[in-house]
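Here is a short briefing on one protein model. Read it with the structure open beside you.

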Amino acid sequence: MTATVDLAFKAIPKNSTAFLIWRIEHMQLAPVPKDQYGNFFEGDSYIVYAASEYGKPVAADSKPVQIHGIPEVHIHFWLGKETTNDEAGVAAYKTVELDDYLGGSPIQHRETQGSESTRFKGYFKMGMRILKGGAASGFNHVTDMFEPRLFHIKGRRSPTVTQYPISWEHFNSGDVFIIDTKEIVFVWVGRSANNMEKLQACKVAEKLRDEHKASSIVFVDDGKENSLPVCERTVFNAHLSLSNRKVKSAEDAGADDVQEEADQGTLTLYHCSDEDGTYKVTEVKSGPLEQTDLTSEDSFIIDNGSKGIWVWIGRKASSKERVEAMRNAQGYVTKKGYPSNTLVTRVVDGGEPIEFKALFSSWKERNQTTGMGKQSTVGKIATTVNNKFDASTLHEKPKLAAESQLVDDGTGELTVYRVEKFQLVPVPDKLQGVFFSGDCYVVKYTYLTGGTEKYLIYYWLGQHSSQDEQGTAALKTVELDDELGGAAVQVRVVQGKEPAHFLNIFKGKMIILHGGKASSFDGEGAKDTGIPDDFLLQVRGNDSHNTRATQVDLRAASLNTNDVFLLKIGGSSYVWCGKGSTGDEREMAKKIAAVIAPGDQEVVYEGQEKSDFWEAIGGQEEYANDKRLADSTDRMPARLFQCSNATGVFKAEEIMNFTQNDLVSEDVMMLDAHDSIFIWIGKDSNKDERDKAVQMVMEYLATDPSNRDDNTTILKVKQGYEPPTFTGFFGVWDTSLWNDNKSFEDVRHELEGSNPVLELDPQLIDGARNFSDFPKYPLEKLQASADDLPEDVDKTRRELHLSEKDFMTAFKMDHGQFSMLPVWKQHNLKKAARLY
């Protein structure tokens, strides 16, 4: 730790979560008041400190909480586009000073205006507001001195609200803009703006109205500015001349989602060295990365293209490398010719965040037996689901359901179908649990929770099944779901990747055999195959929720010292137990044998085989005899993404610090739980994105730089029918959250309904200087219904169109006296005169 440290950093609480922001003012750190968190001046630089329990979310409005252990700390320095080099330098220097004060373990991020990381934007759930000016120009804080402003609303969940000079040159039909005047907050809605940004604009407009006590929020539809009431049109025109109106098309302005770069799935690893006093960067490899590619004695750069640059500092690297990491990385960005706003993040060996770990094929924590990677899920749930496990509590304890991926104990109602000639054919009860790798199956599962029926529909794709069978299975799953009113969770399951609940409904007796029903894809002469007389099954698993038996070639070379095998030859059966197998695994093998090879089985232990066993299996051969490490019980934390193919290219935008509120009805979301992926379908989502949801997830897996398995289980969940295996990832789940979900039109109607009648200075209206300048009409004509009034009459201020004589007749006073009355009294008099 440094001998001296800036006093501003003394405010950081010890052993606690915290969220703090400082601004660089006159080359010093100045704390930002909490009520201004989320406001950033484009002429300034800031430092943001975010500490949380490891892997847990923190936000701008989080309150400090004492924690045990070392917190996960992120330090961001944010640079406005108009900040001075001196201020940016102070921000970078103070970030290093804070990092040193905290022992060098925090994760450092360089953020630039307009290119902020998803983590940074995720701190501000109510959005960021980028304001003109800065400390150097005298704008030291948000003041009561009001200046009319134009704001551009961008972003679906955590909107960025950027201030611009009030001018038509910034407008386009694809976005929403706010013209904030003293009396009125105008919300200008582009005709092609998306619904989420319109809703976000409503929230921002409400906040602006309340901040400076504006009287009204007025919505202006693109192209209908001249249809505004006279008073509102007059104020709008005073700030944005309608005669100069020029609005770009949504296409000319660019899509909300920038098309992904062609290299989105490519990673490049570079080794960094300064041994001879010269900083050198040497390419190590491209493509999927392994954790073993990183060594603690060195530092590395991971180039993730358009998604940013990571600098990893080994715990045995020199202090100079740690301190100068960000500067060196910025030099790398410059040398590569990358944009100056490229995201740069520094991480330290042992303190890597989830976004960094996810770049690797697998990741093992220190002192952990195996890592979080591509292993099968066998055995992973054993520590979560123990002998005292009570499945009836899973819906009451969704976090446990999410960890175990079990919705119940598997005792619900089960119907199994096999795809045959483009139809679903029921599988007899005695064969339920027996699958053929050349076939596809649809499994409908019904269970009760709280007296209500819930449904899961699995479609299982055999490794050697045909395309027409796979397509039929997917189609029939949708049809079954439609018959249930869309209430089912659809689950795509690929052979060998069966989730825990799927295995559990077959009580640990799932058997996968070669062959199956012949298909036109199998060629001429293909024949149906059934359960063979002789076979060898590899049994993996130690409980009902993780056991499957898979047929392998009947030969000794198929044996593996880590597993249990069931051998059936004629009337003889053997259970062969490898040295690395456990007693629980042997018991599960015996249960499998009771189903497919009833009768007595001879238990054979590795190294104690007799000649009859070797004769039955076809003779001795070499086989896998290296003991593998036990499967990890640790998993990668779940990550939530909003999915879109709006540009014709799949885009998954990560939602950091996610909660149930981030599941928006207009969206298709993807929850990556690593061993499985959930697709959440919002009830108002785009039909094309709903239809292509599975395809989008397959593309996500294919472009993941960590080389993900494209056979990962995919579960399709519809809004309102979420199982606890899904809701458990979201902490507190409110089943009534969407009951009062309002559309943009609903919110707009409410805001417009709360607006008072506008009372503006008559001198503003149509450029008039006094009462006599307004066009005049007889009292009787002005008392007509609003639809029958002349076009040049202000319907909200009909009295201005009276002659002086008629005005005196109607109000018993002249206009000058009338204008001095309180507004409420003016309203009453106008009502009495039928001019309201």
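Leu424 lies in strand β19 (residues 423-426). Strands here are DSSP runs of E with at least two residues, helices are runs of H or I with at least four, and both are numbered from the N terminus. The model is predicted, so local features need pLDDT of at least 70 and side-chain atom pairs count only at pLDDT 80 or more, while totals for chains, interfaces and linings use all residues. Residues are numbered from 1 along each chain as its sequence is written, and side-chain values use heavy atoms, with hydrogens and water left out.

**Around Leu424**

- Leu424 counts as partly exposed because its relative accessibility is 21%. Buried means under 20% relative accessible area, exposed means over 50%, and partly exposed falls in between (1.4 Å probe, protein chains only).
- Leaving aside neighbours within four places in sequence, Leu424 is in contact with Tyr417, Arg418, Val419, Val442, Lys476 and Leu480. Contact means heavy atoms within 4.5 Å.
- Tyr441 is 17 residues from Leu424 along the chain, and their C-alpha atoms are separated by 8.2 Å.

**Confidence**

- The protein chain averages a pLDDT of 83, and 86% of the residues score at least 70. pLDDT is the predictor's confidence in each residue, from 0 to 100.
- Residues 138-144 have a pLDDT below 50. Beyond near neighbours in sequence, this stretch has 14 contacts in the model.
- Residues 256-264 also have a pLDDT below 50. Here the model shows 20 contacts beyond near neighbours in sequence.

- Strand β5 (residues 72-79) is largely enclosed by the rest of the structure, because 8 of its 8 residues are buried.
- Both faces of β5 are covered. Glu72, His74, His76 and Trp78 are buried on one side, and Val73, Ile75, Phe77 and Leu79 on the other.
- Strand β4 (residues 45-52) pairs with β5 in the antiparallel sense, over 8 bridges. Two strands pair if DSSP finds at least two bridges between them.
- Val48 has His76 of β5 as its bridge partner.
- Strand β6 (residues 107-112) runs parallel to β5, and 6 bridges join the two.
- His74 has Ile107 of β6 as its bridge partner.
- From β5 the chain crosses through helix α1 (residues 85-101) to β6, in a right-handed β-α-β crossover. Right-handed means that, with the strands pointing away from the viewer, the path from the first strand over the helix to the second runs clockwise.

**Helix α4**

- Helix α4 (residues 230-239) has these buried residues: Val230, Cys231, Glu232, Thr234, Val235 and Phe236.
- The buried residues of α4 pack against β10, β11 (184-189) and β12 (216-221).

**Salt bridges**

- The structure holds 40 salt bridges. A salt bridge is a side-chain nitrogen of Lys or Arg within 4 Å of a carboxyl oxygen of Asp or Glu.
- Glu355 and Arg119 meet through their side chains in a salt bridge (2.8 Å, N to O). The pair links distant parts of the chain, 236 residues apart: Glu355 is in helix α8 (residues 354-357) and Arg119 in helix α2 (residues 118-122). Glu355 and Arg119 are both buried.
- Asp175 and Lys154 form a salt bridge between their side chains (3.0 Å, N to O). Asp175 sits in the loop between β9 (160-164) and β10 (176-180), and Lys154 sits in strand β8 (residues 149-154), 21 residues apart. Asp175 is buried at 3% relative accessible area, whereas Lys154 is partly exposed at 26%.
- Asp563 and Arg540 also meet in a side-chain salt bridge (3.5 Å, N to O). Asp563 is in the loop between β26 (548-552) and β27 (564-569), and Arg540 is in strand β25 (residues 535-540), 23 residues apart. Asp563 is buried at 2% relative accessible area, whereas Arg540 is partly exposed at 22% relative accessibility.
- Arg191, Asp222, Glu225 and Arg245 are linked in a network of salt bridges.

**Cysteines**

- A disulfide is a covalent bond between the sulfur atoms of two cysteines. The cut-off used is a pair of cysteine sulfur atoms within 2.5 Å, and by this rule the count is 0 disulfides.
- Cys202 is buried, with a relative accessible area of 1%. Cys577 is buried too, at 2%.
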